[in-house]
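Subject: Structure for you to look at

Hello,

Here is the structure I said I would pass on. Please open it and keep it beside this message while you read; my notes follow below.

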Amino acid sequence: MRDINYFKSCFGGRFWKKLNESLIPFQDKVKNKDQFLNDLYTQLITKEYQPDLIRECIISNKQNRVARIVPAFTRKDYCIYFYCLKSLEKFIANNRVDGTFGGWTLGNGIKDFETEEEIKKRDEAIDDIPSSSDNSYNPFAWRKHWKEFQSLAFYHYQNEDNNFFLKLDIANFYDCIRLDILEDNMFNALYKAEEKDYEENGDIVDYTDEIELLFYFLKFWNRKLEEYKVKCVGVPQDEVGDCSRILANFYLQQYDKKINELCEEEGATYLRYADDQIIFAKNEKIARNILFQASKELHKIGLNINPSKVDEFDNRSDFATYWSFDIFTILTDDNKKNKIVIEDAIKLFRDRKTGDKKFKSHMVLNRLIYFELNFIEPSLKHYLISILFDKEYLGLGNYRIFRNINNILTDEQKKDFYKILDELIDEINFNFYHYHLQKFYKAYRKDFDFSILEERIRLLKI
């Protein structure tokens, strides 16, 4: 086990800030962080540590009203999970195949505070990113990698040799990761690492204890629901820290290598961001053969392609429309106050909606509401607000989305907005919505009767 000084150095101001931003408020207070970490470290070296029961579950709408369940850990368990990944990330947090994204480190957590400007930038960084933890530890890396992924997708779309496109993702990805395979892969990664990677301040460090501690946590964190059974499959989708994101990306590295090699043999291209994958191919036959081989390779590690989320595009135009390259290309940070650009983007969105075209409408809306909308042409603003007031869209919303919509409304429009949000309290079964609405109302609607929300949250507990 690493010494106590290294252990305590892992938990900077950003880490504690992220813990305090948990949707599920902590019932206890940590008056002395240094003493808290001393006590936790003592539990580790005396072998008295064991995972606590989870505090609660955050339940969100994954897709088509299927629940995604994210456990809320205790402070102690968040610290252990984070410490393990922070210690091991240099061996596993990378992308071994070009065109794959998800393997970035947790970042420096030493900073003790953030300025208002930094908080604003952090919020904007996670504005339009899919699959991001709502409380991501490193939102700037999320955004950077997402933009690179989008740029590569656009680049390969422009290649006229590519005439057939496949989009796919993995069914129940986190829930199906086999812990035995993950653990073997991790020890292999350490075994293959260069000797210098084991050195720290001239000393050789043994990381075996951190791996064993990590898998002890992963096998027993869910006792509240699975009792004393040893967990063999699945990693939690953590609310704080991006730890599970690192593990999930690492789990796919051998799969990435095999599919990338197959694509190169077929003159195709493979891209992956988290579990979302794109195959760019010359024709349908090549693309479907790669899809078949991908299914077999995933099956070897206990995973499967989600058949309902395989999208085929047999022409470049439909693929470009789906990704809305034309909209995202102009909705850059530099154009946040550019009236002409914003209005053009809304018109493109409206044409697509009117024409019933398949495209990433939620992502476009999430991007648009971060732009200056108060001075655009009234009819376009009225149209956009009517779309933003759609219950299906608001039901998937979070605090930042509610806040940004609120900022562009008149006082009269806010009344209608709050009425819709209130109606959704009883209509939605996912407490993710209720916790975010609670946070939003506490900031913007303090006269609300919060007992209504609290009772609904209580009824929705697992």
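Strands β1 (residues 56-63) and β2 (residues 66-72) run antiparallel and are joined by seven bridges. Within this pair, Ile 58 of β1 stands opposite Val 70 in β2. The two strands form a hairpin, with two residues between them. Asn 64 sits in that turn and has a positive phi of about 55°. Please keep in mind that this is a predicted model, and that what I report was computed from it.

Next, the open sheet. It has five strands in the order β3-β7-β8-β4-β9, and the pairing is mixed. Its edge strands are β3 (100-101) and β9, each of which pairs on one side only. Strands of a sheet pair through backbone hydrogen bonds, either parallel or antiparallel.

Going through the pairs in this sheet:

- β7 (residues 269-273) and β8 run antiparallel, with five bridges joining them. Tyr 273 has Asp 276 in β8 as its bridge partner.
- β4 and β8 (residues 276-281) pair in the antiparallel sense over six bridges. Here Phe 164 stands opposite Ala 281 in β8.
- β4 and β9 (residues 311-313) also pair in the antiparallel sense, over three bridges. In this pair Leu 166 stands opposite Glu 312 of β9.

Ser 324 has a phi near 55°, which is positive although the residue is not glycine. You will find Ser 324 in the loop between α13 (316-323) and α14 (325-330). Asp 356 likewise has a phi near 55°, a positive value in a residue other than glycine. Asp 356 lies in the loop between α15 (339-354) and α16 (361-368).

Which of these two is buried, and which is exposed? Ser 324 has a relative accessible area of 0%, so it is buried, the cut-off being under 20%. Asp 356 has a relative accessible area of 70%, so it is exposed, the cut-off being over 50%.

Finally, the chain as a whole. Its secondary structure comes to 22 helices and nine strands. The radius of gyration is 23 Å, close to the 23 Å that the globule rule gives for 462 residues, so the chain is as compact as a globular protein of that length. Along its principal axes the C-alpha trace spans about 65 × 60 × 40 Å.

Of the 462 residues, 55% count as buried. The chain exposes about 22000 Å², and carbon and sulfur atoms supply 48% of that area. Among contacts between residues at least 6 apart in sequence, 74% join residues at least 24 apart. The chain has 70 positive and 79 negative side chains, and the centres of the two sets lie 2 Å apart.

Regards

Conventions. Residues are numbered from 1 along each chain as its sequence is written. This is a predicted model: local features need pLDDT of at least 70, side-chain atom pairs count only at pLDDT 80 or more; totals for chains, interfaces and linings use all residues. Side-chain values use heavy atoms; hydrogens and water are left out. Helices (H or I, at least four residues) and strands (E, at least two) are DSSP runs, numbered from the N terminus. The radius of gyration is taken over C-alpha atoms; the globule rule is 2.2 Å times the number of residues to the power 0.38. Buried means under 20% relative accessible area, exposed over 50%, partly exposed in between (1.4 Å probe, protein chains only). Contact means heavy atoms within 4.5 Å. Accessible areas come from the Shrake-Rupley method with a 1.4 Å probe; for residues, only the protein chains shown count as cover. Lys and Arg count as positive and Asp and Glu as negative; His and the chain ends are not counted. The place of a charge is taken as NZ of Lys, CZ of Arg, CG of Asp or CD of Glu. Two strands pair if DSSP finds at least two bridges between them.
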